[in-house]
Amino acid sequence: MVTFIQFVITGLRLGSVYALIALGYTMVYGIIKLINFAHGDFIMVGGYSLFFLIPVFMGLGLPGWLAVVPACIICACVGMLVELLAYRPVRKKGNKLTSLITAIAMSFVLENLAQAIPAIGPDPKIPYTLFSATLSIGGVAVSSATIITIVVSAVIMVALYFFTQKSRIGRAMRCVSEDKEAAILMGVNVNHTIIITFGIGAGLAAVAALMYIAQYPKVFTTMGATLGIYAFVAAVLGGIGSLPGAMLGGLLIGMVQSLTNTYISSSMSDTFVYLVLIVVLLIRPAGVLGKNVGEKV
Amino acid sequence: MLEIKDLHVHYGAIHALKGISLTVDDGELVSLIGANGAGKTTTLHTISGLLTASSGEVLLDGENIQKIPANTIIQKGMAHVPEGRHVFARMTVEENLRMGAYIIRDQKRIADNLEKVYGHFPRLKERRRQLAGTLSGGEQQMLATGRALMTDPKILLMDEPSMGLSPILVKEIFSIIQTLHESGITILLVEQNAKMALGVSDRAYVLETGKISMEGSAAELAADDRVRKAYLGA
C-alpha cells in the first residue's frame, strides 16, 4: 500500500512538471503549428534565473520561492525574443521546414549562449534547496516540494484553461489557432497574440523549473533537453494543440514513469514511455484528446 | 463610400488583378460577378487588407486603407464575410458572434448587437450553445454574416454567400442580403450566381481575368446579351 501511494504521488509530481512544460509546446503548436524545440531550453533559462535569484531574495529577507516571479518574467522575455527575432522573420519568408530547423537552431543557440556566460559555464551548479520539509501522508513520507508541485500545477492549469476560454486575449488565441484570416477580419492582431502565447508558455517553463529544481537540485545548460522531450511526448500523447490534452499527457507520462520505476526498473522507464506513446498513437493518431478530425468545408 | 482606383495585384509572377477601378456609394448594393478565377475574391481580399496590392488605391470615405494593418480595417466600419464562411468551428455560435464584436469593449453595445443579430437570424439564437462546426452550410453562412454585423459596419463585403447552398437556402440568403441592404447597410457582393446577384443589386461590375469588362446598373447588365450568354445561361 505504501509503495502504491508512493507511486501515485511521485507520478503526479513528475506528471505535473511535464504538464506545465507540455502546455508551452501545445500552445505554440496550436497557434503557429510549430514544434518549438527551444521550449525545453526555456526551462534551463528559468533554472539559472532561479539559481542566481533565490540567494538574492533570501539575502533580502524574502522567501526564496518568490524568485519565481522575476524568473517567469525573464523566461517570458526570452520566449518573446526568440519569437520576435527568429521565428517571425522566418515564418514570413520560409516554410514549415525552415521554421522547424530554426527552432532546433534556437535550442542550440540558447544552450551555447548560456554556456558562454562566465557565471554559468559548462559545469552543473547546485541551487539552494527549497521546500525541503517532509510530511507524512498515510505513513508515506512526502516532501512539501511534491505537494506544492502538484497543487500549484493544478491551480495553474485550471487558471490557464479559464483564461483561454473566457478572457479577451484567450479568445483571440483560440481564434488565431483556428483560423488566422478570420481572426484578422475580427480585428485580432495576430502577431501580438502569437507573442503573448510565447510569453505565457515560456513563463510556465520557469514555474516548471522551480518545481523541478526543488526535487532535483541541479542546473546545467542542457537540462531542458530531456525534460523537454518528455513534455513534448506528453503534448503529442494528449493531442498536440489541446490544452487539456497536454495536461492529461503530462500526467500520463509521469504515471507511466513512476509505475515503471516503482514496480519494474528505472532503466526501463523510457521504454515504457515510448511504448505507451506508440500504442496510443496507433489507436488515436491525433492523441488522446486530439482534434485532428476532418474539417468540414 | 468605397472607391478603388487602378488596383494591381500579383501572386508571384501571376498578374491577378490588372487595374481594377470601382466605386460603391453610400447605401448601394453593388455586385461583382464573373467566372471562377476572374479575381473576385482577390479583389475583396485586397480591399480588406488580407492581400497587398502592387499598386493602386483603396479609399474608404476618402482614406487610403491600403497602408493600415489589415486587423484595424474593421475599426473603420468595414466588415468582411469571407468565402467559405470561415466560422470558428470549435467555438459555439454565441462565442463566434462575440468574436465578431472583438473590437468593441462596451458590453452593453455587444449585448444590443447580439440581440439585433438574433433578430435577423432567429435560427442562430436557437443554436447559440451549439459548436459552429456542427451547423449546416446555410446556418454557417448566417453565422458568418451575423458575426460581421456585430460591429454595426457601414459597409459589408460579402464573398460568395450562396456557395454550396441548396436553391432554397440561396433564396433565403439573398432575401437576407436584401433586408440588410434595405436597412441601410452598404454592400459589395461577390457572386458566381450572377442571376441572383443582379436580382438584388443596384449596380454591378463584370470581372474577366483580372479586368473589369462591363459595368452598369443591374437591370442593364441583366438585359445585356453578352452577360446573358456568359453568366445567365440564356
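Q: Contact means heavy atoms within 4.5 Å. Among contacts in chain A between residues at least 6 apart in sequence, what share joins residues at least 24 apart?
A: The share is 74%. This comes from a predicted model.

Q: What makes the radius of gyration of chain A agree with that of a compact globule?
A: Chain A has 297 residues, and for that number a compact globule would have a radius near 19 Å. Chain A has 19 Å, so the two agree. The C-alpha trace spans about 60 × 45 × 35 Å along its principal axes.

Q: What else describes chain A as a whole: how many helices and strands, and how much is buried?
A: Chain A has 11 helices and 2 strands. From the N terminus on, the order is α-α-α-α-β-β-α-α-α-α-α-α-α. Buried residues make up 50% of its 297 residues. Its accessible surface comes to about 13100 Å², with 72% belonging to carbon and sulfur atoms.

Q: Why is the aromatic pair of A:Tyr87 and A:Phe198 called tilted?
A: The ring centres lie 5.6 Å apart, and the cut-off for a pair is 6.5 Å. The planes make 50 degrees. Stacked needs under 30 and edge-to-face needs over 60, so this pair counts as tilted. The whole structure holds 10 aromatic pairs over all chains.

Q: What makes this a pair that links distant parts of the chain?
A: A:Tyr87 is in helix 3 (residues 68–93) of chain A, and A:Phe198 is in helix 8 (residues 190–215). The two are 111 residues apart.

Q: How do you know whether A:Tyr87 and A:Phe198 are buried or exposed?
A: Buried means under 20% relative accessible area. A:Tyr87 has 2%, so it is buried. A:Phe198 has 1%, so it is buried too.

Q: Which residues form one aromatic cluster with A:Phe4?
A: A:Phe7 and A:Tyr263 do.

Q: What makes A:Arg168 a charge over the ring of B:Tyr102?
A: The charged end of A:Arg168 is 4.0 Å from the ring centre, and the distance limit is 6 Å. In chain A, A:Lys218 lies over the face of A:Phe220, at 5.6 Å from the ring centre.

Q: Why is B:His80 called buried?
A: The relative accessible area of B:His80 is 4%, under the 20% limit, so it is buried. B:His80 is in strand 6 (residues 78–81) of chain B. Leaving aside neighbours within four places in sequence, its contacts include A:Leu185, B:Leu44, B:His45 and B:Asp159.

Q: How do you know that the side chains of B:His80 and B:Ser48 make a polar contact?
A: The distance is 2.7 Å, and the limit is 3.5 Å.

Q: Is A:Ser143 buried or exposed, and why?
A: A:Ser143 has 18% relative accessibility, under the 20% limit, so it counts as buried. A:Ser143 is found in strand 2 (residues 140–143) of chain A. Its side chain makes a polar contact with that of A:Thr146 at 2.9 Å. A:Ser143 also touches A:Ala133, A:Thr134 and A:Gln215, not counting residues up to four places away in sequence.

Q: Why is helix 1 of chain B called largely enclosed by the rest of the structure?
A: Of the 8 residues in helix 1 (residues 40–47), 7 are buried, so the helix is largely enclosed. Among them are B:Leu44, B:His45 and B:Ile47. Helix 1 is followed by B:Gly49, whose phi is positive, near 85 degrees.

Notes: Residues are numbered from 1 along each chain as its sequence is written. Chains are lettered from A and ligands numbered from 1 in the order in which they are written. This is a predicted model: local features need pLDDT of at least 70, side-chain atom pairs count only at pLDDT 80 or more; totals for chains, interfaces and linings use all residues. Side-chain values use heavy atoms; hydrogens and water are left out. Rings of Phe, Tyr and Trp (its six-membered ring) pair if their centres lie within 6.5 Å; planes under 30 degrees apart count as stacked, over 60 as edge-to-face and the rest as tilted. Helices (H or I, at least four residues) and strands (E, at least two) are DSSP runs, numbered from the N terminus. Buried means under 20% relative accessible area, exposed over 50%, partly exposed in between (1.4 Å probe, protein chains only). A charge sits over a ring if NZ of Lys or CZ of Arg is within 6 Å of the ring centre and within 35 degrees of the ring normal. A polar contact is a pair of N or O atoms within 3.5 Å; within protein, one must be able to donate a hydrogen and the other to accept it, and residues adjacent in sequence count only if both atoms are side-chain atoms. The radius of gyration is taken over C-alpha atoms; the globule rule is 2.2 Å times the number of residues to the power 0.38. Accessible areas come from the Shrake-Rupley method with a 1.4 Å probe; for residues, only the protein chains shown count as cover.
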